[in-house]
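Colleague: Could you take me through this model and tell me what stands behind each label you use? I would like to see the values set against the cut-offs.

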Amino acid sequence: MSNPFEDALAFLSANTGDFLALGLWRFALLALFYALLAASLFVAVLNLADDPEQRRGSTLWWFFVRVMIGCMWFQGTLWKLPFGLHNGLHYWTEQMVGRASFAVQADLVKDVVLPHFLLFNPLVYFAELFFAAALMLGVVVRLSGTLAALFTVNLWLGIYNQRPGDPSEWPWSYVFLIFACGSLAVLPAGRALGVDAWLRREVYAVRERLGWGALIGPLT
């Protein structure tokens with residue numbers, strides 16, 4: 001029996017089952033995770049130092065939510081590795097054939113995705129890695145949050161039904177993740193201590209120096 005603290009420590013030390021299955025490569029991925037986390041904190045400190053408007057409780061909250069959801073996406077990438085027919089992604093892709101809520105999705109998975117799985121596997125991995133990095137760093141969050149929400153819609157509908165003996169999945173888990181990623185895009189949460197906030201200030205400063213403010217109008 002484990003608890004959230006032990007599970008978090010196992011992930012942060014590359015000792016989860018998904019990490020251990022990767023051999024020594026797990027340390028490279030762990031280093032990437034820490035690099036993204038350190039970069040997100042660096043950008044947050046930079047924003048706090050440069051912009052008093054960022055020093056709000058709501059801003060800190062959305063920064064925390066954005067980074068944590070990015071961490072979740074990063075952890076989710078691990079069971080897409082190593083590329084091939086024996087990872088967790090292949091298993092759950094096969095599950096979609098019998099569990100999809102619409103026949104057209106089941107047929108697409110059966111006739112297109114599974115026969116070309118070795119192509120789709122890295123595409124899915126790098127898509128999720130993009131979601132993780134973009135959300136953790138707070139860059140292009142409107143785009144990454146929207147794509148992550150749409151990606152989750154596919155997961156929600158793909159394993160919506162449960163057959164006898166199938167692993168149980170609570171559909172609302174995916175619905176809440178759709179809402180969460182969509183909310184990060186709508187806010188947009190990249191302006192909460194993220195790269196998007198820094199870029200917005202830099203673009204505004206350059207625009208004002210060039211005298212383009214009246215021509216272009218206010219930034220949205």
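Colleague: Where does Pro188 lie?

Modeller: Pro188 lies in the loop between α9 and α10 (195–209). Helices here are DSSP runs (H or I, at least four residues), numbered from the N terminus. Before we go on, this is a predicted model, where local features need pLDDT of at least 70 and side-chain atom pairs count only at pLDDT 80 or more, while totals for chains, interfaces and linings use all residues. Residues are numbered from 1 along each chain as its sequence is written, and side-chain values use heavy atoms, with hydrogens and water left out.

Colleague: Thanks! What is omega for the bond that joins Leu187 and Pro188?

Modeller: Omega is about -15° there, and the peptide bond is cis. A cis bond also leads from Leu81 to Pro82, with omega near -10°. Pro82 belongs to the loop between α4 and α5.

Colleague: Why does Leu193 count as buried?

Modeller: Buried means under 20% relative accessible area, exposed means over 50%, and partly exposed is in between (1.4 Å probe, protein chains only). Leu193 has 1% relative accessibility, so this residue counts as buried. Leu193 sits in the loop between α9 and α10, and its phi is near 65°, a positive value in a residue other than glycine.

Colleague: And what makes Val140 partly exposed?

Modeller: Its relative accessibility is 38%, so Val140 counts as partly exposed. Val140 is in the loop between α7 and α8. Phi of Val140 is near 40°, again positive in a residue other than glycine.

Colleague: How does the span of α9 compare with the expected one?

Modeller: The expected span of a helix is 1.5 Å times one less than its number of residues. Helix α9 (residues 171–186) has 16 residues, and from its first C-alpha to its last it reaches 23 Å, close to the 22 Å expected.

Colleague: Which residues of α9 are buried, and what covers them?

Modeller: The buried ones are Tyr174, Val175, Leu177, Ile178, Cys181, Leu184 and Ala185. Their cover includes α4 (57–77), α7 (117–137) and α8 (141–158). As a general point, an α-helix has 3.6 residues a turn, so residues three or four places apart point the same way.

Colleague: What is Arg142 in contact with, leaving aside its neighbours within four places in sequence?

Modeller: Contact means heavy atoms within 4.5 Å. With those neighbours set aside, Arg142 is in contact with Ala185, Val186, Pro188 and Arg191. Arg142 is found in helix α8, and its C-alpha is separated by 7.7 Å from that of Gly190, 48 residues apart along the chain. Arg142 has 43% relative accessibility, so it counts as partly exposed.

Colleague: Why is α5 called roughly perpendicular to α7?

Modeller: Axes are lines fitted to C-alpha atoms, for helices over the stretch in contact, and angles run from 0 to 180 degrees between N-to-C directions. Helix α5 (residues 88–99) and α7 pack at about 110°, with their axes 11 Å apart. Angles under 35 degrees count as roughly parallel, over 145 as roughly antiparallel, 65 to 115 as roughly perpendicular and the rest as oblique. That is why α5 is roughly perpendicular to α7.

Colleague: Which residues meet there?

Modeller: Leu89, His90 and Thr93 in α5 meet Phe117, Asn121 and Val124 in α7.

Colleague: Last one: how do you know whether His90 is buried or exposed?

Modeller: At 12% relative accessibility, His90 counts as buried. Leaving aside neighbours within four places in sequence, His90 is in contact with Gly84, Leu85, Leu114 and Phe117.

Terms used: Helix = DSSP H or I, 4+ residues; strand = E, 2+ residues; numbered from the N terminus.
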